[in-house]
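Please keep the model open while going through them.

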Amino acid sequence: MSVIRIGFVDDHPTLLRGIAALFSSDPGYDIVGTGSTADEAVALASRHVPDILTLDLSMPGDALAAIRAIVERGPTKVIVFTAFANVDLALKALDAGAHAFVLKGRPSEDLHAAIDSVLAGQLFVSPDFSQKLMLAFRNRTKREKELQSARLSAREKQLVECLFEAKTNKEIARTLQLSEKTVKHYMTNLMNKLRVKNRLEVVLAAQALRDNGLGEGRE
């Protein structure tokens, strides 16, 4: 088996030294570099082109942007190695292109298993976290399907634009030349259509709908 070229990026010096020492004692690995910031992760991947680069998400800089840049450049595979068992953050990291999400505090076998899986073209998530992540992914997929089935009318989109500007019902009524009662009626319809419970959730759901590029419905 060929030697695996690997790099480590983490802003905790003690952990960085420890993990580097662990892998340097294994003849199957060649540590090509280490770093402590998101920018250093990108530079390391560009300069040394390791097979695997592990990085933390809480280090200085934009870690998600670093993941995207590294993966787009290729062929380096990115493994997120973090203490944050946060589902939303994990989804964002995987969406950015990370090939594995490994929690610190787990046995070192987890990281070795992640490396083997990634090099084999498979996704890896720490076993005790994968079930939570899968549930969140299913819920997100279900939510996206619900949004895709929703179509906002031109008037509803006007109302949502007012909500983006944090306008009150009275201000919305004045802007759209409607009565407050009609505005409340539209608001109720919006909440039902988007399956949300309040104004903030209407804004968030409408933003997701707009990001999906879905067209207008009827007036």
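1. Two strands count as paired if DSSP finds at least two bridges between them, and the elements themselves are DSSP runs, numbered from the N terminus, with helices (H or I) of at least four residues and strands (E) of at least two. This is a predicted model, in which local features need pLDDT of at least 70 and side-chain atom pairs count only at pLDDT 80 or more, while totals for chains, interfaces and linings use all residues. Residues are numbered from 1 along each chain as its sequence is written, and side-chain values use heavy atoms, with hydrogens and water left out.

2. With these terms in hand, the sheet is open and is formed by six strands in the order 2-1-3-4-5-6, with parallel pairing. Its edge strands are strand 2 (29–35) and strand 6 (124–125), each of which pairs on one side only.

3. Strand 1 pairs in the parallel sense with strand 2 over six bridges, where I4 has Y29 as its bridge partner, and strand 1 also pairs in the parallel sense with strand 3 over four bridges, where V9 stands opposite L55.

4. Is strand 1 largely enclosed or open? Five of its six residues are buried (under 20% relative accessible area, with a 1.4 Å probe and protein chains only), so strand 1 is largely enclosed by the rest of the structure.

5. At the other end of the strand order, strand 5 (residues 100–103) and strand 6 run parallel and are joined by two bridges, and the partner of F101 in strand 6 is V125.

Technical notes: Buried means under 20% relative accessible area, exposed over 50%, partly exposed in between (1.4 Å probe, protein chains only).
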